[in-house]
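The points are numbered for reply.

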Amino acid sequence: MDSFRSKIVPVTTLLAILVVAWYAFAVQLNGPFQRDLDRRAGEQPGTLEFLMRTWSQPKPTLPAPHQVAQNFYKSTFTVKPWSNRSLIYHSWVTLSSTFVGFAFGAVLGILIAVGIVHFASLDRSLMPWIITSQTIPILAIAPMVVVVFASIGITGLFPKALISTYLSFFPVAVGMVKGLRSPEVMHLDLMRTYNATRPQVFWKLRVPASLPFLFASMKVAVAASLVGAIVAELPTGAVAGIGARLLNGSYYSQTIDIWAALVAGSIVAVILVALVGLAGRLTDRAMGGRPA
């Protein structure tokens, strides 16, 4: 009970502080426009009424938390999941490219890490280029990828998944390299004493030692893959997906829709990271690991 309380109380306290700060910033940002509306209407509302008006504007600069919550509930639970007005539908469209991109990125990152660990030439030649590739802004790469593939008739899922792959392979590669190199020298010497071959050392020592690093890096990678999928939907003119929802909201100044889509994306990211963490715990338990 004490352990549960020690986890819940700090999170709840921080959430309450953020909500209060959110309402305060909503007043600060929506206030000037509301004062202008009241001045034109010849009204002089009291303090409480003025606050309520700043928190209930149809197109506010910063929507209040309850406006975002109402829009999220309406777009999630009061419409059919397959409707283009449903956040569930848009989240699934984004998830499809996220899953494909994450799968490709994880496999690519693991293969690169294995090559770097076993071949010193790859470590010296490939690793600097991998690091350099992540310095290029994804907003600059996404339109180029989409345009190039569209010119050869490839549209839809693949270009978006490719951008997700670009963002997700790097943390997996770096984490896996660290993990494959984590066994101590004493353990490697012991394997040599047993006359173990390189494949045996890899599968029986390096891979088990790398799994905690792998799943930790995959948590970062799956979140980055989701970001890549959302960003990839912006220059494609997509009609479905969280990115498309954000884009449509910006076109028509529907800030409440934008924030509701952001909340949906955040919830999807939390679920994906939790699933990767669960897979890591199940794998650790299957390999005989003890719970922390």
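**Salt bridges**

1. R53 and D38 form a salt bridge, with the closest N and O atoms 2.8 Å apart; the term denotes a side-chain nitrogen of Lys or Arg within 4 Å of a carboxyl oxygen of Asp or Glu. The pair links distant parts of the chain, since R53 sits in helix α2 (residues 47-54) and D38 in helix α1 (residues 2-41), 15 residues apart. Helices here are DSSP runs (H or I, at least four residues), numbered from the N terminus.

2. The model is predicted: local features need pLDDT of at least 70 and side-chain atom pairs count only at pLDDT 80 or more, whereas totals for chains, interfaces and linings use all residues. Residues are numbered from 1 along each chain as its sequence is written, and side-chain values use heavy atoms, with hydrogens and water left out.

3. D38 is buried at 6% relative accessibility, while R53 is partly exposed at 21%. Buried means under 20% relative accessible area, exposed over 50%, and partly exposed in between (1.4 Å probe, protein chains only).

4. R53 also forms a salt bridge with E49, where the closest N and O atoms are 2.6 Å apart. Both residues lie in helix α2, 4 residues apart, about one turn of the helix. E49 is partly exposed, with a relative accessible area of 38%.

5. E233 pairs with K160 in a salt bridge, the closest N and O atoms being 3.8 Å apart. E233 belongs to helix α9 (residues 198-233) and K160 to helix α7 (residues 157-180), so the bridge ties together parts 73 residues apart in sequence. E233 is buried at 0% relative accessibility, and K160 is buried at 10%.

Definitions and conventions
Helix = DSSP H or I, 4+ residues; strand = E, 2+ residues; numbered from the N terminus.
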